[in-house]
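Subject: Structure for you to look at

Dear colleague,

I am passing on the structure we spoke of, and below it you will find my notes on what was found. Please read them with the coordinates open beside you.

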Amino acid sequence: MYVAVKGGEAAIAAAHALLARERRGDPKLPEISADQIREQLTLAVNRVMCEGSLYDPDLAAQAIKQARGDLIEAIFLLRAYRGTLPRLGYTEPVETGAMRLRRRISATYKDLPGGQVLGPTFDYTHRLIDADPTTPGPAAPAPALAAAPEAAPHVTQLLDREGLIEANAAGESDVVADLTRNPMQYPAARDLRLQALARADEGFLLGLGYSTQRGYGRTHPFAAEIRMGEVEISFTPEELGFEIPLGRIPLTECEMVNQFQGSAMAPPQFTRGYGLAFGHAERKAMTMALLDRALRHEELGQERTAPAQDQEFVLAHCDNVQATGFVEHLKLPHYVDFQAELVLLRQLRREWLVAHGTDERAASSGEAEQ
Amino acid sequence: MTACASYNFAYLDEQSKRTIRRAILKAIAIPGYQVPFPSREMPMPYGWGTGGVQVTASILGPDDILKVIDQGADDTTNAVSIRQFFARTTGIRTTTSTQKATIIQTRHRIPEAPLAERQIIVYQVPIPEPLRFLEPRESETRQMHALEDYGLMHVKLYEDIARHGHIATAYAYPVMVEARYVMDPSPTPKFDNPKMHLSPALQLFGAGREQRIYALPPYTRVVSLDFEDHPFARTRFDAPCALCGALDAYLDEVVVDDAGGRMFVCSDTDYCAGRRARAAGPPGAAT
């Protein structure tokens, strides 16, 4: 006899208890702390802060722990928390030219003012799994970071002096677009696109950025500069009227230089693609810069031929919290809609079978009629 | 989420609620028009009803009595979860009774019992744009609505008839609102479409991920799209509900064994339980 699927409440509570047990894993092993995650899984923490749109390493680490290492789940936790925070105002624009550099490389110049600084990078490691990848002991201390006193102007500034690169267009207004306060409207201007890309799923951007390199909307990029380090954040409260430094946060910035043929309106110039991310997040900053440039096709008078250039396609699908929600909601019950489809399908089949003079029972496997 | 004390009544801060209420008011003023609103990340995933939850959170007052259903049932897991969320963040009363509720949040169904003027029904909407699967671009579909350019939709329905002999849409069946806007009724089965027409209750639709709110004020004309020679037909069930005998209700098909056996029962659990209680006799303690 029919037993209704009841007891949702008890089932949910039991599922949460099971989840807590799975999260803890083998109780004989020590539990990891959020501090350990923050200090030792920093790149995961950075990604969660970036895509969670909230700079808070402690909370991000806590979220990663709570999410059992599922970064999209952790991003979601951070976003939901962020949504409850009051908005006091906007900080002053950060000056990345004055960044206290920990890493700075240019792929376009062998040497340049400020120099090339490799910093903490995987780039030249051999990917051999190390049984004990702990940091070297006190016997082999990591080199002290040179206190890079030399000014390191942006590479694009050097090009700019010669007029070889397009000028950075001033924004159309002082008001910064904010897709967390206003619904997305298409076409989206560059500030809004950059915000969406900064929050976007790294994997999605990576695939799309890669596609531009393989010919789907080519942009001929050069990594003019990637820099990572700390910048000062300051805020001007309305009632005071002057800037107050709030502290320093690490950022990764990527400036791509892309080819451009010029037009009747403008002489040939390089064009720009820009990426910026919290913490050390190079892949994210680079793919963001590729996508920023690809999405500028219209302003630069190029034809739209590829998915990466299509802002409604890219921006509407790049948010992993939205995407995972809608994909995973297929787990929710759809009995009612499925029933409606069943009824319709049975009717269509019955009519088809009659029209084709086929024995109904032979094909419809004898079931209750609708 | 044990520290609920630090959250505002119904979770959202008052500023966000006001923003959403402005969108709701605009939606009521232009029935069937999709109003963009700045959707907030909610503590449940997109696709779980964040749009409906935000609408409900923005209109709930301390005296409201909330009912939440999913697939017509009060006891499906997501309905339980959303009801618990509001019970915990507001402390208001909840109910499973359609009649007693002042606000009903729903996914995929409209209750069988007729709604009344003092009630608000809030629909959870996944894809608010009825033209989306005909034209994926938002910039295009907004223009089509602005120009009342619904030719594409009629062609689609016509092609269905040419191919299948029927309009092959069984749920999320598009409707025309006040002879102006084509609207998606949310993925309710088309069986429920006639209930929207001239409903005395206020009907609000929230799509969180897609950042849209739309509305049907009480007594709005809502007509399912059709053709003169192929009029809209409500889904009919030949068998009555196996539990309460209802002939007029939407039924879930339940597979009862592995030999093709199945039974049909009301999808609206409150309606079904109420009918059985009345049939059982007068000792009814409740009304």
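**The sheet of chain B**

In chain B, strand β2 (residues 65-70) and strand β4 (residues 103-107) run in the parallel sense and are paired over five bridges. Within that pairing, V68(B) lies opposite Q105(B) of β4(B). Please keep in mind throughout that this is a predicted model.

These two strands belong to an open sheet of seven strands in chain B, whose order is β1-β9-β8-β5-β4-β2-β3 and whose pairing is mixed. At the edges stand β1 (35-36) and β3 (93-94) of chain B, and because each has a single partner strand, one side of each is left without a neighbour in the sheet.

Helix α2 (residues 50-59) of chain B touches β4, β5 (120-124), β8 (202-207) and β9 (212-216) of that chain, and its direction makes about 150° with that of β5(B). Helix α3 (residues 77-90) of chain B, for its part, touches β2, β3 and β4 of chain B, with a direction at about 160° to that of β2(B).

**Chain A and a pair of its helices**

Turning to chain A, its secondary structure comes to 13 helices and four strands, and 31% of its 370 residues are buried. Of the contacts in chain A between residues at least 6 apart in sequence, 63% join residues that are at least 24 apart.

One helix pair in chain A can be described in detail: helix α8 (residues 202-213) and helix α9 (residues 282-294) of chain A pack at an angle of about 55°, their axes being 9 Å apart. That angle is why α8(A) counts as oblique to α9(A), and the crossing in which α8(A) passes α9(A) is left-handed. On the α8(A) side the contact includes L205(A), L206(A) and L208(A), while the α9(A) side includes M288(A), L290(A) and L291(A). Taken together, the residues of this contact divide into seven nonpolar, three polar and three charged.

**Where the chains meet**

The contact between the chains takes 45 residues from chain A and 54 residues from chain B. On the side of chain A that touches chain B, α1 (8-24), α5 (71-82), α11 (320-328) and α12 (335-355) of chain A each supply at least two residues, and the largest share, 11 residues, comes from α12(A).

With best wishes

Terms used. Residues numbered from 1 in each chain as written. Chains lettered and ligands numbered in written order. Predicted model: local features only at pLDDT ≥ 70, side-chain atom pairs only at ≥ 80, totals over all residues. Axes fitted to C-alpha atoms, helices over the stretch in contact; angles between N-to-C directions. Parallel < 35°, antiparallel > 145°, perpendicular 65-115°, else oblique. Left-handed = near helix turned anticlockwise from the far one by under 90°. Contact = placed C-beta atoms within 7 Å. Nonpolar A, V, L, I, M, F, W, Y, C, P; charged D, E, K, R; others polar. Pairing = 2+ DSSP bridges. Buried ≥ 20, exposed ≤ 12 C-beta atoms within 10 Å, placed from the backbone.
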